[in-house]
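Here is a short briefing on one protein chain. Keep the structure open while reading the points below.

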Amino acid sequence: MWVKIMGIKKNQNQILFYLWFSLLITTMNYTSIEVTQYVNEIKQEKVELQAQQEKVAKENREKELEEQLKMVGVNKEGKEYTYDAKEIQKKLKSCDYSNDGNKIVFLTFDDGSSTSVTPKILETLKEEGVRATFFVCGKTIEDGGEKAKELIKTSFDYGNAIGNHSYSHDYHTLYPGRNLDIDAFKKDFQKTDEILKDILGEHFSTRVIRCPGGYISWNKMDKLDEYLDENNMAEIDWNALNSDAEGKKKNAQELVKQTIKTSSGKDIVVLLMHDTYGKDETAKALPDIIRYFKEQGYEFKTLS
Ligand SMILES: [Zn+2]
């Protein structure tokens, strides 16, 4: 009836078809809107996920940089084996080697890296699973070329600590007339700092130094104390030695004997040794020296 009113003659099937068709179009439109919304949502999620990933990556980069900036003397792995050098400096200065029975030994090697002795020392340290502190000299490193530089890197990566022992090791430059020349001293040490940065990365720094000839051997050292305090640095001498640089040349057995003699009765032992050219007997004595300290219940730590 209403079909007639509209003046359009269509049979019921046609009307049903139009109705169905309209419904289909509406549904399709609706579905299309839904699909578009869904796609937009996915896009949005993707953008958010990407932003989140970028944020995490940025945070990681910042963290890494922060870690690198804190890289003083040892790397991330080396932190596990290290000890506050300032504390040990205080102990050594006051000649107080007690530590409530907790025995700690700091194996220290001066004057390297040499391409002849240092590799043997590093091998033994790895075999025995212990770490040491290397007070290196810039000039020796330069003389050893790429191989010496590579040794520093290997040593550092293993978790050893790297300290500065000057560039020239020249007493006349550092202490003319046996008196400290603080400007010459700083300049000389700075040169080694730069060499170490060149090898270990621009973020590397060390707060631990050892004075050539030992801090106690020279006059007017108060200027150095001021400088070290201002820069939160520490100078470390020793309270035991294997005597590989004293008196007549000793064989490995004698070096072990000297080590035991000078370290016994001390909870805290800072043992002076050398890994420069000609110190092959030190490399030979090292396995026995390490085993001795292990048997005595010492923990091996580094200084940084
Ligand atoms: Zn030295």
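Helices H7 and H8 cross in a right-handed sense. This is a predicted model.

**H7 against H8**
- H7 spans residues 182–200 and H8 spans residues 222–230.
- Their axes are 10 Å apart and pack at an angle of about 45°.
- H7 and H8 are therefore oblique to each other.
- On the H7 side, the contact uses Ile182, Phe185 and Lys186.
- On the H8 side, Lys223, Leu224 and Tyr227 meet them.
- By class, the residues of this H7–H8 contact are four nonpolar, no polar and two charged.

**H9 against H10**
- Helix H9 covers residues 252–263, and helix H10 covers residues 280–295.
- H9 and H10 pack at about 45°, with 8 Å between their axes.
- That angle makes H9 oblique to H10.
- The H9–H10 crossing is right-handed.
- H9 contributes Ala252, Leu255, Val256, Thr259 and Ile260 to the contact.
- H10 answers with Glu281, Thr282, Lys284, Ala285, Asp288, Ile289 and Tyr292.
- Seven nonpolar, two polar and three charged residues make up the contact of H9 with H10.

**H4 against H10**
- H10 also packs with helix H4, residues 118–128.
- The axes of H4 and H10 come within 9 Å and cross at roughly 20°.
- Angles under 35 degrees count as roughly parallel, so H4 and H10 are roughly parallel to each other.
- The crossing of H4 and H10 is right-handed.
- Lys120, Ile121, Thr124 and Glu128 are the H4 residues in this contact.
- Their partners in H10 are Ala283, Leu286, Pro287 and Ile290.
- The H4–H10 contact has five nonpolar residues, one polar and two charged.

**Domains and annotation**
- The protein is divided into domain 1, residues 1–69, and domain 2, residues 73–303.
- How far apart do the C-alpha centres of domain 1 and domain 2 lie? The separation is 69 Å.
- An unreviewed UniProt entry carries the annotation "domain: NodB homology" for residues 103–301.
- Over residues 103–301, the chain is 46% helix and 15% strand.
- The end C-alpha atoms of residues 103–301 are 10 Å apart.

**Backbone details to check**
- Most residues other than glycine have a negative phi, and most peptide bonds are trans.
- Which form does the peptide bond from Gly112 to Ser113 take, cis or trans? That bond is cis, with omega near 5°.
- Ser113 sits in the loop between strand S2 (104–110) and H4.
- His169 is not a glycine, yet its phi is positive, at about 60°.
- Where is His169 found? It is in the loop between strand S4 (161–164) and helix H6 (171–174).

How values were computed: Residues are numbered from 1 along each chain as its sequence is written. This is a predicted model: local features need pLDDT of at least 70, side-chain atom pairs count only at pLDDT 80 or more; totals for chains, interfaces and linings use all residues. Axes are lines fitted to C-alpha atoms, for helices over the stretch in contact, and angles run from 0 to 180 degrees between N-to-C directions. Helices (H or I, at least four residues) and strands (E, at least two) are DSSP runs, numbered from the N terminus. Angles under 35 degrees count as roughly parallel, over 145 as roughly antiparallel, 65 to 115 as roughly perpendicular and the rest as oblique. A crossing is left-handed if the near helix is turned anticlockwise from the far one by less than a right angle, and right-handed if clockwise. Two residues are in contact if their C-beta atoms, placed from the backbone, lie within 7 Å. Ala, Val, Leu, Ile, Met, Phe, Trp, Tyr, Cys and Pro count as nonpolar, Asp, Glu, Lys and Arg as charged, and the others, Gly among them, as polar. Domain bounds come from an automatic or database domain assignment. UniProt positions are given in the numbering used here, feature names are shortened, and annotations may be inferred rather than shown by experiment.
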